[in-house]
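Try each one before you read its solution.

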Amino acid sequence: MRIRPDDEVYRVDAVWLGPKGFTLPWAARYSAYGIWLMLFVAVLLVEAVLPMRVNAPPVWELVLTILATYALTGVIDHERPLVSVLELMRAELAAPRARAPKPAGLTTSGVRVREIHVQEDT
C-alpha cells in the first residue's frame, strides 16, 4: 500500500510533458533531465579519455545514460535529493571496514590416522 504525502506540493510531480498539444511519450521530472545530461557528458568524457571509439550517433551512450538515470531517479525524490545520495555513497565507500580473518594454515600434522586392519580369508 502506498501512503500519499500530506503536503499538496509533493502530490504533483514537476514534469514537463512537452509542447502544448504534443505531449512527449514519457514523463520525467525536471531533475532527471539534468541528471541525464551530466551522466551523458561523463560517459562521453570517459570514452574520450580511454582508447574507445565513439560512433556518430552515440546510441549505446544514450541507452546507458537513460538506464542509469532511471535507476538514479528511482532513488532520488523530494525527501532524498541527489546531493544526499552522493554523500551517502561517499560515506559508504570511505567507511572503515573490519578486516577479514586470515585463513588458518592447514597442515596434515594435526590429523590422526588409524590403521585399517583387514582380515584375510583363510
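**Exercise 1.** How many aromatic pairs does the structure hold?

*Solution.* Before we start, note that this is a predicted model: local features need pLDDT of at least 70, side-chain atom pairs count only at pLDDT 80 or more, and totals for chains, interfaces and linings use all residues. Residues are numbered from 1 along each chain as its sequence is written, and side-chain values use heavy atoms, with hydrogens and water left out.

Now the count: there is 1 aromatic pair. Trp 36 and Phe 40 form it, with 5.0 Å centre to centre and 10° between the planes, which makes the pair stacked. To pair, rings of Phe, Tyr and Trp (its six-membered ring) need centres within 6.5 Å; planes under 30 degrees apart count as stacked, over 60 as edge-to-face and the rest as tilted.

Next, look at where the two sit. Trp 36 and Phe 40 are 4 residues apart in helix H1 (residues 30–49), so about one helical turn separates them. Finally, check the cover: Phe 40 is buried at 13% relative accessible area, while Trp 36 is partly exposed at 25%. (Buried means under 20% relative accessible area, exposed over 50%, partly exposed in between, with a 1.4 Å probe and protein chains only.)

**Exercise 2.** Work out the overall layout of the protein chain.

*Solution.* Start with the elements: the chain has 3 helices and 0 strands, in the order α-α-α from the N terminus. Helices (H or I, at least four residues) and strands (E, at least two) are DSSP runs, numbered from the N terminus. Then turn to burial: of the 122 residues, 11% are buried.

**Exercise 3.** Where does Arg 80 lie, and what does it touch?

*Solution.* Arg 80 is in the loop between helix H2 (59–75) and helix H3 (82–94). Not counting residues up to four places away in sequence, Arg 80 touches Val 75 and Val 85. With 42% relative accessibility, Arg 80 is partly exposed.

**Exercise 4.** How many salt bridges does a search of the whole structure find?

*Solution.* The search finds 2. The rule is a side-chain nitrogen of Lys or Arg within 4 Å of a carboxyl oxygen of Asp or Glu.

Take Glu 87 and Arg 90 to begin with: their side chains meet at 3.1 Å, N to O. Both lie in helix H3, 3 residues apart, about one turn of the helix. Glu 87 is partly exposed at 42%.

Then comes Arg 97 with Glu 92, whose closest N and O atoms are 3.9 Å apart. Arg 97 is exposed, with a relative accessible area of 55%, whereas Glu 92 is partly exposed at 44%.

Terms used:
Contact = heavy atoms within 4.5 Å.
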